[in-house]
Amino acid sequence: NTRSKTTPILIALIAISSGVIVALSVLLTRPNRSENQAEMIVTIPPSSYPSISPSSRPTTAIPNWDLNFLDIASNFTAGSTNEITFMYEIGAGRKYKFGLFAQGCTDNVTGLNHAITTVSTPTDNYVTENLHVLLDIKNMASIRTSNIWNEIAATMEMCITLQLISGTTGMVVRKDNRNIALELVNVGVFGGPQA
């Protein structure tokens, strides 16, 4: 078992307000990652927001880099189009990268037949947007053969990561890594939860 190394990133944000220069430094760390880790990068164009005339969308000197994990929901009933939904609130129009890993956030998920999609909708204030990451498990039996299944506890144990990426530098500005353990109370004969 190897220990994850981290690489520090120093980001300096400068804002000029009423002739006063304010500097804010943020130190982030990110795990060194192998090139084969699964991730999804999505950029949401500003044009996806409705245009109101005159525009009531606020402008700020420092862009909104909000990244808040809100909730997790699951639906393993028969016919469900996605079994797990991860809910976030992020700054409007931000480029983001989502990753699904085994617990610890370093190893890829293996053995799980799944697909990941995202749905983003602006909030009423147009400063943030609600981001739903949908995990669709294509074959329930693959849960038991995956590296995120804990047979003893009957839990799916995974790590989810969401990063906000600068559109100009490509650097990670904000990130949220969290380990999730989801207990499945009815594991059926095919190796997965049954409705």
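Analyst: A strand here is a DSSP run of E with at least two residues, and strands are numbered from the N terminus. In this predicted model, Leu182 belongs to strand β11, which covers residues 172–183. With a relative accessible area of 15%, Leu182 counts as buried, because the cut-off for that class is under 20%. Leaving aside residues up to four places away in sequence, Leu182 is in contact with Ser74, Phe76 and Ile84, and also with Ala154, Thr155 and Met156. As for Met158, which is 24 residues from Leu182 along the chain, the C-alpha atoms of the two are separated by 8.5 Å.

Turning to the rings, a search of the whole structure finds two aromatic pairs. One of them joins Phe69 and Tyr88 in an edge-to-face arrangement, with 5.4 Å from centre to centre and 80° between the planes. Phe69 is in strand β4 (residues 67–74) and Tyr88 is in strand β5 (residues 84–91), so this pair ties together parts that lie 19 residues apart in sequence. Ser74, a contact of Leu182, falls within the residue range of strand β4, and Ile84, another contact of Leu182, falls within that of strand β5. The two partners of the pair can also be described by their accessibility: Phe69 is partly exposed, at a relative accessible area of 21%, whereas Tyr88 is buried, at 0%.

Note on methods: Residues are numbered from 1 along each chain as its sequence is written. This is a predicted model: local features need pLDDT of at least 70, side-chain atom pairs count only at pLDDT 80 or more; totals for chains, interfaces and linings use all residues. Side-chain values use heavy atoms; hydrogens and water are left out. Rings of Phe, Tyr and Trp (its six-membered ring) pair if their centres lie within 6.5 Å; planes under 30 degrees apart count as stacked, over 60 as edge-to-face and the rest as tilted. Helices (H or I, at least four residues) and strands (E, at least two) are DSSP runs, numbered from the N terminus. Buried means under 20% relative accessible area, exposed over 50%, partly exposed in between (1.4 Å probe, protein chains only). Contact means heavy atoms within 4.5 Å.
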